[in-house]
Amino acid sequence: MESLYHKKEAEASIARYPTSPKELALRVYTSRLIGQNPDLVLHGGGNTSVKVKITNILGEEMDVFFVKGSGWDLATIEPQGFPGLDLAYLRKLRRLETLSDEEMVNQLRTHLLDASSPDPSVEALLHAFLPHRFVDHTHADSILILTNQKEGEVLVREALGPKAAFVPFIMPGFPLAKAVADLYERSPDIEAIVLSHHGLFTFGEDARTAYERMITYVDRAERFIAERIRGKTLTRRCPDSKAPTDRASGAARVAQAIRGTLAYQDEQRRLRRFILELRDAPDLVEVSLSEEAKRICTTGVLTPDHIIRTKNSPVFLNVVPDEDEELKRIVRQAVETYKQQYDAYFEANVQVKSVQRKQLDPYPRIFLVAGIGLFAAGFTRKDALIAADIAEHTVRAKRKAEALGGYHPLPESDLFDMEYWSLEQKKLGKAEPLPLQGQIAVVTGGGGAMALGIGDRLLAAGAVVILTDVNQERLEKVRARLAARYGSRQVEALVIDVTDLKSVEEGFDEISRKVGGVDIVVPNAGIAHVAEIERMELDDLKRVLDVNLLGTFTVIKAAAQVFRRQGTGGNIIVNSTKNVFDPGAAFGAYSASKAGAHQLAKVAALELAPLNVRVNLINADAVFGDDELPSGLWEVVGPERMRARGLQPEELKAYYRNRSLLKAEVRAEHVGNAVVFFATEQTPTTGATLPVDGGLPGAFPR
């Protein structure tokens with residue numbers, strides 16, 4: 001590992017934050033260097049601090065320190081991510097013999113310089129008690145590989161040298177802060193402190209020294225490990241492991257089976273679903289087929305900080321049957337065994353420790369699957385990505401740790417304390433989930449104005465949205481607009497041709513590999529053709545039928561296969577049209593194709609009800625889009641409608657608005673609201689048609 005510190009970049013950071021103390025600007029710079037290296041920290045892990053003198057509003061000089069705040073990630077941290085605290089007062093707390101976690105938090109919050117600051121790191125007192133101006137803390141993989149050994153202390157001293165001290169595992173908080181301060185006072189010449197199973201602290205009087213000491217000691221650990229395991233076989237193929245015959249299809253099927261098995265009803269009787277993230281790098285696939293795979297899945301987390309993201313251990317699936325029912329049986333059995341073991345772990349620790357705790361859900365978050373790699377599960381896509389990153393690093397670190405001498409995890413008793421520590425749980429937040437959190441929605445015709453409104457409302461309700469279309473340029477335009485509002489993690493784009501069943505089925509497989517499966521399907525792709533029946537060409541009719549009718553068929557057919565494998569129900573919401581009940585002249589191809597799709601959806605409602613899949617329809621009228629993304633349908637239909645009615649372009653919207661009973665403009669987000677209504681299952685409804693047209697008597701469902 002090499003230092004990435006550059007003097008010009010450091011000076012630029014000082015210039016970028018002219019209202020912050022120079023030391024804090026440098027603290028931001030080196031913190032980002034640390035945070036952007038996943039071998040040092042992952043997703044909010046680690047913490048850094050700096051001590052400075054400031055002048056308060058009374059004109060008095062005071063000692064303060066800025067420490068990373070809860071909820072901030074070192075990779076992207078800004079000065080406001082470092083709450084400032086009264087250093088002189090907090091150092092007095094060291095005189096105490098004990099300090100409860102609750103009182104520690106109270107003391108930190110009541111001695112902030114700014115009451116609106118985020119909560120300081122739970123390790124703030126450790127930073128405060130050390131005398132150094134800059135203090136850095138990471139969970140570097142290489143350090144954890146050394147400490148998570150039976151002879152961890154011996155290996156640390158051998159690898160890092162005499163100026164790196166070692167502390168056995170102690171829960172973060174006041175006791176650890178005192179232990180580290182005491183150790184430093186006994187050995188004031190040390191440059192680093194290694195905390196067993198918890199990472200590395202380095203320090204210095206300037207930002208560069210503290211940062212480069214971190215890099216130096218991590219580099220020593222990496223080199224030591226590389227030398228010790230050189231020439232050793234890290235994995236051996238296990239003859240009992242069986243990869244799927246078709247890896248791509250197998251990964252999709254496994255994802256669907258896992259996702260369906262993990263879904264559960266919470267205390268409010270809501271069905272909680274998980275998003276999945278697949279990691280299938282060649283070395284992870286190699287591990288999944290190895291003799292070492294089972295042990296890797298039974299030896300616990302690298303550091304207790306990870307347990308709230310990944311639970312303590314993964315589920316290992318050593319075979320992937322080609323038959324769906326057998327695959328689901330194996331996954332169900334593995335998850336049920338995991339739940340029983342988790343229940344026993346919880347009960348045993350509650351009894352031994354004589355504490356009262358509310359049990360967290362017992363479901364696994366990581367699956368290592370033979371021949372495929374690993375899947376991570378989370379209630380949100382962000383949760384799944386975080387868990388996957390941690391699991392990926394954990395698997396690779398354990399391979400090296402086993403070769404080095406044998407991975408030695410913390411006892412479950414210590415891990416329980418961390419998993420059920422209120423200050424650790426606080427990191428996850430307790431916000432009420434959005435109504436579609438954990439659900440995955442597929443919207444075809446994703447490059448159109450209608451998809452923009454539908455996608456927007458689904459995203460606002462918490463769903464992950466996959467837009468599909470044949471027009472990649474328009475598709476990307478819609479995806480970019482939605483990603484700007486809701487974040488790139490929440491919305492994906494995928495080119496699929498709904499007129500080609502193979503393209504649709506392969507698309508649903510790809511979606512399943514990417515996020516786990518599908519819960520909400522919105523057949524929305526549609527095209528129009530304006531011609532009277534006498535003048536209509538057969539090829540034009542076939543083209544419209546292929547997209548509007550056949551395209552609805554292929555999407556429902558492919559979705560049904562996913563719903564069946566998941567076994568958790570779902571929603572198909574067909575974007576139909578008022579023309580089904582109230583067709584217009586010269587619009588026969590569109591009206592007939594949509595009427596056929598409408599009837600097909602009603603049949604699907606009959607056939608898919610045993611799977612608890614609801615199929616409903618929305619009949620919209622006159623959705624025009626906007627100047628940046630006009631409706632493709634109205635680009636075709638509009639000119640003819642204007643000619644027939646003697647309207648100017650600027651008069652067309654008003655004409656359609658005023659012909660409705662409510663004199664209302666129908667917008668794409670109105671259709672999206674209707675989609676969300678059905679998707680949130682607020683009523684036990686299937687086979688229904690909901691008009692979104694401002695009130696057109698001729699189009700009343702009947």
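This is a predicted model: local features need pLDDT of at least 70, side-chain atom pairs count only at pLDDT 80 or more; totals for chains, interfaces and linings use all residues.
**β18 and β19**

I looked up V574 and found that its bridge partner in β19 is L617. Strand β18 (residues 570–575) and strand β19 (residues 613–620) run parallel and are joined by six bridges. Numbering starts from 1 along each chain as its sequence is written, and side-chain values use heavy atoms, with hydrogens and water left out.

**The parallel sheet**

Next I traced the sheet these strands belong to. It is open and has seven strands in the order β16-β15-β14-β17-β18-β19-β20, with parallel pairing. β16 and β20 (689–692) are at the edges with a single partner strand each, so one side of each has no neighbour in the sheet. From one strand to the next, the twist averages 20°; axes here are lines fitted to C-alpha atoms, for helices over the stretch in contact, and angles between N-to-C directions run from 0 to 180 degrees.

Which helix lies across β17, β18 and β19? I got helix α21 (residues 538–566), which runs at about 175° to β18. Contact, whenever I use it, means heavy atoms within 4.5 Å.

**The β16 end**

I then checked β15 (residues 464–469) against β16 (residues 491–495): they pair in the parallel sense over five bridges. T468 has L494 in β16 as its bridge partner. Between the two strands the chain goes through helix α19 (residues 472–486), and this β-α-β crossover is right-handed (with the strands pointing away from the viewer, the path from the first strand over the helix to the second runs clockwise).

α19 also packs with helix α18 (residues 449–460), at an angle of about 30° and with the axes 10 Å apart. That makes α18 roughly parallel to α19; the classes are roughly parallel under 35 degrees, roughly antiparallel over 145, roughly perpendicular from 65 to 115, and oblique for the rest. The crossing of α18 past α19 is right-handed (the near helix is turned clockwise from the far one by less than a right angle, anticlockwise being left-handed).

I listed the contact residues too: on α18 they include L452, D456 and R457, and on α19 they include R474, V478 and R485. This contact divides into seven nonpolar, one polar and five charged residues (Ala, Val, Leu, Ile, Met, Phe, Trp, Tyr, Cys and Pro count as nonpolar, Asp, Glu, Lys and Arg as charged, and the others, Gly among them, as polar).

**α9 on α15**

Helix α9 (residues 207–229) packs with helix α15 (residues 381–404) at about 60°, with their axes 9 Å apart. That makes α9 oblique to α15. I noted a left-handed crossing here. F224, I225, R228 and I229 of α9 meet K400, A403 and L404 of α15. I sorted them into five nonpolar, no polar and two charged.

**The mixed sheet**

Last, I went to the open seven-stranded sheet ordered β3-β2-β1-β4-β7-β6-β5, where the pairing is mixed. β3 (84–86) and β5 (164–167) are its edge strands, each pairing on one side only. Neighbouring strands are turned by 25° against each other on average, direction ignored.

β2 (residues 61–67) pairs with β3 in the antiparallel sense over three bridges, and F65 has L85 in β3 as its bridge partner. Helix α7 (residues 152–160) lies across β5 and β6 (192–195), and runs at about 170° to β5.

Technical notes:
Two strands pair if DSSP finds at least two bridges between them. Helices (H or I, at least four residues) and strands (E, at least two) are DSSP runs, numbered from the N terminus.
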